[in-house]
Amino acid sequence: MRSTGPVRRIGRLLMATTATAAAGAVTALSLAASPAAAAPTGTTAARPGDACTAADLGTRHPYVKTTEVSPTITHFKGWYVTEGTTGQQTVSTDTTTVISVSVGLNDTIETSFAVEALSNVKATVGLDVKLEYTSTSEESNSVTWNLTQPGYYGFYKGTKKVTGTYGSLNCNRAQQDDGSWALEWTEGPGSGSFTTFTTLEEGAVRCQDGVPADSIMAKAQALLDCGSAAAKADHPAGAVAPTAQQKPDRPALHPTPTTSTPAEQPTATAHSTRAALDCSAEAYKIAVPGKPLSWGAPLLADDGVRLRPSSIFSAHLDNWRLCNVTEQDGVLEASLWNWGNGGCATITEQNASTERAVLMTVPCAEDDLQRFYVYRDVPGSSKIGVQNKYTGSMMGYDRYADGEFIRQYSSGRQDGTGTFDLTEV
């Protein structure tokens, strides 16, 4: 290990921050413990530039950047009704368009971040959209309707497809115009696109029916291709061969679930070689604010990082160095090298998409699974939040207890248990 000038300067900055924190320790600790420091409980979604608190350093929230709502026909069948065949008809329609709920490239919608993103979409567009994984291909294709007039009908099912883009917000310090510092929600890594839809509507429509413009029924009427010869010709009662417009625009198949990382995330590389790290000379504890337990690396390769008490028997397993440090827009990025076992903190590749996956240590490599963003409180406080670069998830723990694992949470821990103290030892 060798220490570089920039890394040493960052170490001195953190040392100075910690020293200054001693004078304001009472204020800082009361901030972490006060009700005001709890995660926001209001229904208003956070926006870039909004204020946050030290308890939010370990959390992450999506925000909706753009939305588009488009009426879409998902099932359709042309049907001809003659005199004597009116009345209630049950028609099996053909699938024309498949809409699947997704956030990024993840269509399982199992993480709190994905659910919150779709909840924000619902609030933004004012529609009752799907908040869990489903697909329109899973809906029954049968439509039952009472027909009172003969003619050429389109039996349909349709929905309002809602698409758009989202960003990811993290709490971090920002310098104000007057030189002071404050905590704000700032846009971080993890943007992407989403798709969802409203409850399916069904019905039957004729060319001569008056329908609201840009409605689901109007989209179905357009599929009748009313100006075509096929639409104007007489047919026997029953199904009419589909026109080119009415044929499916893509296969009605559910895509095979994938555990691959969304395209907007960096690419992980294999743990094949030991990386040459430029580490700070200073070592730090990553501790629970105001309490004795801190991150402790394991001795055994198949164990994870746990909350442990520090003592003379800790064998430096509770000591971490920041390596290959960079800073952009006030956010540190670093590898976390453990003094005790010589490994780097990581979320293992096979668990990258798993909520509550355990933080491990492995031989250091050039790998974004081993890179972490560090979000900091205002100068004078040593409080931080830690986010894995590859997965986008925040580090935290289920409960405060000796031996409890440090885990990843897609939105962080909203009770403040993802905020830690980075203190020099």
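Visitor: Which cysteine does C207 pair with?
Guide: C207 is joined to C226 by a disulfide, with 2.0 Å from S to S. Keep in mind that this is a predicted model.

Visitor: Okay, and where do C207 and C226 sit?
Guide: C207 is in the loop between β8 (201-206) and α4, while C226 is in the loop between α4 and α5. They are 19 residues apart.

Visitor: Is that link of C207 and C226 left-handed or right-handed?
Guide: Left-handed, with -95° about the S-S bond.

Visitor: How many disulfides does the structure hold?
Guide: There are 4. One of them joins C52 to C171. The torsion about that S-S bond is about 85°, so the C52 and C171 link is right-handed.

Visitor: And is C171 buried or exposed?
Guide: Buried, as its relative accessible area is 0%. C52 counts as buried too, at 9%.

Visitor: Now the inside. How many residues has the largest nonpolar core?
Guide: It has 31, and among those with the most contacts inside it are W295, W320 and L336. Strands including β13 (320-328) and β14 (331-338) each supply at least two residues of this core.

Visitor: What does L336 touch?
Guide: Its contacts include I286, W295, W320 and F372.

Visitor: And the second core, which residues are in there?
Guide: That separate core has 18 residues, including I99, V101, F113 and L200.

Notes. Residues numbered from 1 in each chain as written. Predicted model: local features only at pLDDT ≥ 70, side-chain atom pairs only at ≥ 80, totals over all residues. Heavy atoms only, no water. Core = buried A, V, L, I, M, F, W, Y, C linked by side-chain atoms within 4.5 Å. Buried < 20%, exposed > 50% of the residue type's maximum accessible area, 1.4 Å probe, protein only. Helix = DSSP H or I, 4+ residues; strand = E, 2+ residues; numbered from the N terminus. Contact = heavy atoms within 4.5 Å. Disulfide = S-S within 2.5 Å. Lists of a residue's contacts leave out its neighbours within four places in sequence.
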